[in-house]
Amino acid sequence: MRFEEAQRIKNLPPYLFARIEKVIAQKKEAGVDVISLGIGDPDIPTPEHIIKEARQQVAVPANHQYPSSAGMLAYRQAVADFYARRFGVELDAGTEVVSLIGSKEGIAHISWCYLNPGDTVLVPDPGYPVYSGGAILAGAEPYYMPLTAEKGFLPDLAAIPRDVAKRAKMMFINYPNNPTGAVADEKFYREVVDFAKQYEILVCHDNAYSEVAFDGYKPLSFLQIPGAKEVGIEFNSVSKAYNMTGWRIGWAAGNPDVIEALGRFKTNIDSGQFQAVQYAAIAGLTGPQDSVAANNEIYRERRDLVVDGLNAMGWQLAKPKATFYIWAPVPKGFTSASFAEFVIEKAGVVITPGNGYGQQGEGYFRISVTVPKERIAEALERMKKYIGKVEF
Ligand code: PLP
């Protein structure tokens with residue numbers, strides 16, 4: 001028997017990394033020593049003090065029962081304390097923070113809280129695919145805001161047609177940015193707050209890479225901007241800062257009405273995150289932070305290796321100030337897909353085709369520096385051998 005899928009599921013494109021995983025598996029089966037610079041998943045283990053706390057908490061019977069879906073107050077307070085310490089932002093843990101089973105979960109579900117079928121949502125292109133995926137599942141229609149090199153990969157708010165801005169209910173932004181590695185300054189966030197106030201748009205800022213930054217640069221929180229809490233929320237998690245992608249714990253913080261709605265939605269569809277994992281995240285957020293600096297030093301070294309290596313082949317890339325991504329144009333004669341295919345076929349190296357992040361990603365590819373530097377050096381050696389000098 002074959003069951004007919006709901007239209008909303010049919011409307012979803014296949015998830016980018018599910019496709020890439022398939023290609024990797026096929027190549028490995030064929031005996032290729034594949035180096036994957038594809039998915040952005042930290043390869044460095046979770047710091048020991050966090051694991052120790054989790055081990056202890058797993059053994060505590062009180063943690064074996066259903067948690068609250070909003071998260072323990074102690075966890076939400078740890079998030080609030082982190083915001084105070086790191087960004088100088090005051091948050092009320094009880095009403096302005098909600099726990100998430102990874103920020104991806106909340107990013108997907110916020111659309112269900114605020115978008116009716118047919119509503120318009122402003123989504124960056126290229127962008128993390130969950131912004132449009134969650135909106136499409138809720139029956140809404142993404143309006144894609146182009147992120148171009150000329151504008152520093154920031155959306156040009158003035159270029160959004162007035163009728164679109166007027167009907168838009170919600171907007172996603174994400175800095176430091178996946179996939180471009182771009183960062184945003186206070187001026188940009190102030191423009192976003194003004195725009196959101198003018199058109200009554202709920203802003204959802206995704207700050208997943210707030211702690212992955214280099215060369216002395218410290219990313220901002222959207223919530224630092226005067227008026228931001230009136231118009232929006234911010235998503236983040238412990239995934240990238242403490243190498244905890246597999247633990248699945250994050251948060252949304254900001255506007256209390258929006259946090260309450262997201263919390264209400266969650267009480268109806270999930271039962272929150274295992275408390276032992278919440279305790280582990282508390283240990284990350286409140287414990288020693290030297291692992292964050294150590295990680296960043298590792299990523300910085302790898303970033304330099306990739307950027308210098310590609311530039312020696314003919315690229316002209318600047319070094320991104322944050323994230324573990326390098327976003328680069330494909331050489332002359334290639335599309336995103338044909339270049340990614342060429343590189344895996346010839347060199348056994350997986351790169352992510354830019355068009356997987358949206359139409360504006362066409363003509364680009366993304367490299368993630370989440371593999372050891374020896375493997376990156378090997379990947380660059382192979383690329384040099386099979387691609388040689390490039391032109392644009
Ligand atoms: N936002 C962005 C831009 C990401 O790249 C990712 C993961 O790669 C996430 C959110 C989700 O992170 P998590 O669900 O682990 O918090």
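This is a predicted model: local features need pLDDT of at least 70, side-chain atom pairs count only at pLDDT 80 or more; totals for chains, interfaces and linings use all residues.

Colleague: Which way do the residues of β12 point?

Modeller: Y364, R366 and S368 point one way, while F365 and I367 point the other way, and all are buried. In a regular strand the side chains alternate between the two faces of the sheet.

Colleague: OK, and which strands pair with β12?

Modeller: β12 sits in an open sheet of three strands, in the order β9-β12-β11, with antiparallel pairing. The edge strands are β9 and β11, and each pairs on one side only.

Colleague: How many bridges join β9 to β12?

Modeller: Five bridges, with β9 covering residues 325–329 and the two strands running antiparallel. If you want a spot to look at, Y325 has S368 as its bridge partner in β12.

Colleague: And how many for β11 and β12?

Modeller: Two bridges, again in the antiparallel sense, with β11 being residues 352–353. There, T352 has R366 of β12 as its bridge partner.

Colleague: Switching topic. What's the order of the strands in the seven-stranded sheet?

Modeller: That open sheet goes β2-β8-β7-β6-β5-β3-β4, and its pairing is mixed. Its edge strands are β2 (97–100) and β4, each pairing on one side only. On average, neighbouring strands in this sheet are turned by 25° against each other, direction ignored.

Colleague: Which helix lies across β2 and β6?

Modeller: That's α10, residues 256–269, which also lies across β7 (232–237) and β8 (250–254). α10 runs at about 35° to β2.

Colleague: Helices next! At what angle do the axes of α5 and α6 cross?

Modeller: At roughly 35°, and the axes come within 7 Å; α5 is residues 103–114 and α6 is residues 130–137. Two packed helices are described by the angle between their axes and the distance between the axes. The crossing of α5 past α6 is right-handed.

Colleague: Which residues make that contact?

Modeller: From α5 you have K104, I107, A108, S111 and W112, and from α6 V130, Y131, G134, A135 and L137. By class, the contact has seven nonpolar, two polar and one charged residues.

Colleague: Which residues of α5 are buried?

Modeller: S103, E105, G106, I107, A108, H109, I110 and S111.

Colleague: What span should α5 have from its twelve residues?

Modeller: It should span 16 Å, at 1.5 Å a residue. The end C-alpha atoms of α5 are 17 Å apart, which agrees.

Colleague: Last one: where does G139 lie?

Modeller: In the loop between α6 and β4 (141–146).

Colleague: Why is G139 called partly exposed?

Modeller: Because its relative accessible area is 32%, and partly exposed is the range between the cut-offs of 20% for buried and 50% for exposed. Leaving out residues up to four places away in sequence, G139 touches N116, P117 and G118.

Colleague: How far is the C-alpha atom of G139 from that of T286?

Modeller: They're separated by 39 Å, and the two residues are 147 residues apart along the chain.

Conventions. Residues are numbered from 1 along each chain as its sequence is written. Side-chain values use heavy atoms; hydrogens and water are left out. Buried means under 20% relative accessible area, exposed over 50%, partly exposed in between (1.4 Å probe, protein chains only). Helices (H or I, at least four residues) and strands (E, at least two) are DSSP runs, numbered from the N terminus. Two strands pair if DSSP finds at least two bridges between them. Axes are lines fitted to C-alpha atoms, for helices over the stretch in contact, and angles run from 0 to 180 degrees between N-to-C directions. A crossing is left-handed if the near helix is turned anticlockwise from the far one by less than a right angle, and right-handed if clockwise. Contact means heavy atoms within 4.5 Å. Ala, Val, Leu, Ile, Met, Phe, Trp, Tyr, Cys and Pro count as nonpolar, Asp, Glu, Lys and Arg as charged, and the others, Gly among them, as polar. The expected span of a helix is 1.5 Å times one less than its number of residues.
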